[in-house]
Amino acid sequence: MNNLSNSMMTKAALGAASIAAVLVLAGCASPPNSDRTELREAGDGFPALAGNWYDGGKFVEPDSVLRIAEGQSKDQVRQLIGNPHYSEGFFGVREWNYVFNLYTGNGNEYITCQYQVHYDDDMALESTRWRDAQCPALLVPIEVEEIAAEPREEKLTLSGDVLFDFDSDQLSLEGRRTVDQVTQTITNDFVSPSVLIVGYTDRFGNEAYNLALSNSRAETVGTRMANQGVRRSSIMTAGRGMADPVVECPGRIATPSVTECLRPNRRVEITVTETAR
């Protein structure tokens with residue numbers, strides 16, 4: 001990674017004609033607006049947008065959606081994102097539907113997104129899905145840097161807090177979606193990619209434990225990418241623990257404010273290099 005840090009790096013704009021296309025907000029979902037979204041007909045397993053209880057959708061805290069996880073009860077889901085937005089019934093219902101408004105990051109613009117939660121026979125959360133792929137991309141910010149133009153080399157930085165549950169090396173629901181989208185873009189945009197995945201933690205906790213956790217998280221991402229189409233032999237993984245912090249935050253105790261300040265340090269960096277001649 002020291003060689004990478006010595007390379008000339010320029011910030012690539014999100015949505016550029018590169019790997020950042022995973023975040024492009026165009027095409028699929030309802031257009032950005034500040035009033036009502038045009039109603040669309042159902043036909044893909046989602047109910048008609050016109051049938052929900054909230055005129056134009058309901059705003060939701062992204063962190064609440066990111067905390068949704070397999071195995072949660074209906075009460076736990078309700079505590080995070082509220083009751084379903086359609087008349088779903090009361091007993092034995094295995095599907096809840098929501099209509100959320102998510103800000104795009106461009107002023108007050110937002111898009112309206114349909115979100116579906118599926119439960120198993122025991123009424124525990126089994127899976128979730130979005131109607132439009134660009135909606136979950138809004139929940140998972142990805143920082144993209146162009147390291148070199150020839151040979152082509154780009155680095156993506158993903159938040160460890162978003163990819164993984166606390167103190168875990170297992171990808172969250174949205175974390176899996178993010179890795180899959182990044183993988184698809186890599187296979188589409190690179191002929192013969194070489195991928196280096198490096199995990200990092202913040203400075204709190206045992207150094208050896210943090211090193212092991214960061215390495216395990218990088219390996220988890222690498223395994224997921226290999227399962228989704230990137231050649232395993234082209235993927236290298238490493239853990240750096242609390243090394244190379246992006247930000248420095250005062251405070252020797254892990255209070256909520258200090259932990260939040262250190263969020264950028266808890267990350268996974270994916271460096272992709274074109275190796276084809």
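Reader: Which residues do ring pairs link into a cluster?

Author: Tyr-98, Phe-100, Tyr-115 and Trp-130 are the ones joined by ring pairs. Before going on: this is a predicted model, where local features need pLDDT of at least 70, side-chain atom pairs count only at pLDDT 80 or more, and totals for chains, interfaces and linings use all residues. Residues are numbered from 1 along each chain as its sequence is written, and side-chain values use heavy atoms, with hydrogens and water left out.

Reader: Ok. How many aromatic pairs does a search of the whole structure find?

Author: The search turns up 8 aromatic pairs. To pair, rings of Phe, Tyr and Trp (its six-membered ring) need centres within 6.5 Å; planes under 30 degrees apart count as stacked, over 60 as edge-to-face and the rest as tilted.

Reader: Stacked or tilted for Tyr-115 and Trp-130?

Author: That pair is tilted, because the planes sit at 50°, with the ring centres 4.5 Å apart. Tyr-115 is in strand β4 (residues 110–119) and Trp-130 in strand β5 (residues 125–130), so they come from distant parts of the chain, 15 residues apart. Helices (H or I, at least four residues) and strands (E, at least two) are DSSP runs numbered from the N terminus.

Reader: And Tyr-98 with Phe-100, what sort of aromatic pair is that?

Author: Stacked, at 5.3 Å centre to centre with 25° between the planes.

Reader: Buried or exposed, Tyr-98 and Phe-100?

Author: Tyr-98 is buried, at a relative accessible area of 0%, and Phe-100 counts as buried too, at 1%. Buried means under 20% relative accessible area, exposed over 50%, and partly exposed in between (1.4 Å probe, protein chains only). Tyr-115 and Trp-130 are also buried.

Reader: Which residues have the most contacts inside the largest nonpolar core?

Author: Val-65, Val-77, Ile-81, Tyr-98, Phe-100, Tyr-115 and Trp-130, in a core of 23 residues. A nonpolar core here is a set of buried Ala, Val, Leu, Ile, Met, Phe, Trp, Tyr and Cys residues joined through side-chain atoms within 4.5 Å. Elements giving two or more residues to this core include α2 (62–66), α3 (74–81) and β3 (95–103). The largest share, 5 residues, comes from β4.

Reader: What does Ile-81 touch?

Author: Leaving out residues up to four places away in sequence, Ile-81 touches Val-60, Ser-64, Val-65, Ile-68, Tyr-98, Phe-100 and Tyr-115. Contact means heavy atoms within 4.5 Å.

Reader: Changing topic: how many salt bridges does the whole structure have?

Author: The count is 16. A salt bridge is a side-chain nitrogen of Lys or Arg within 4 Å of a carboxyl oxygen of Asp or Glu. One of them joins Glu-145 and Lys-155, at 3.5 Å from N to O. Glu-145 lies in strand β6 (residues 142–149) and Lys-155 in strand β7 (residues 152–159), so this bridge ties together parts 10 residues apart in sequence.

Reader: Are Glu-145 and Lys-155 buried or exposed?

Author: Both are buried. Glu-269 and Arg-267 are buried as well, and they form a salt bridge with the closest N and O atoms 2.9 Å apart.

Reader: Which residues do shared partners join into one network?

Author: Asp-161, Asp-202, Glu-260, Arg-263 and Arg-266, through salt bridges. Within it, Arg-263 meets Asp-161 at 3.9 Å, N to O. Arg-263 is partly exposed, at 25% relative accessible area, and Asp-161 is partly exposed too, at 31%.

Reader: What sits over the ring of Phe-190?

Author: The charged end of Arg-152, 4.3 Å from the ring centre. To qualify, NZ of Lys or CZ of Arg must be within 6 Å of the ring centre and within 35 degrees of the ring normal. Lys-74 likewise lies over the face of Tyr-119, at 5.2 Å from the ring centre.
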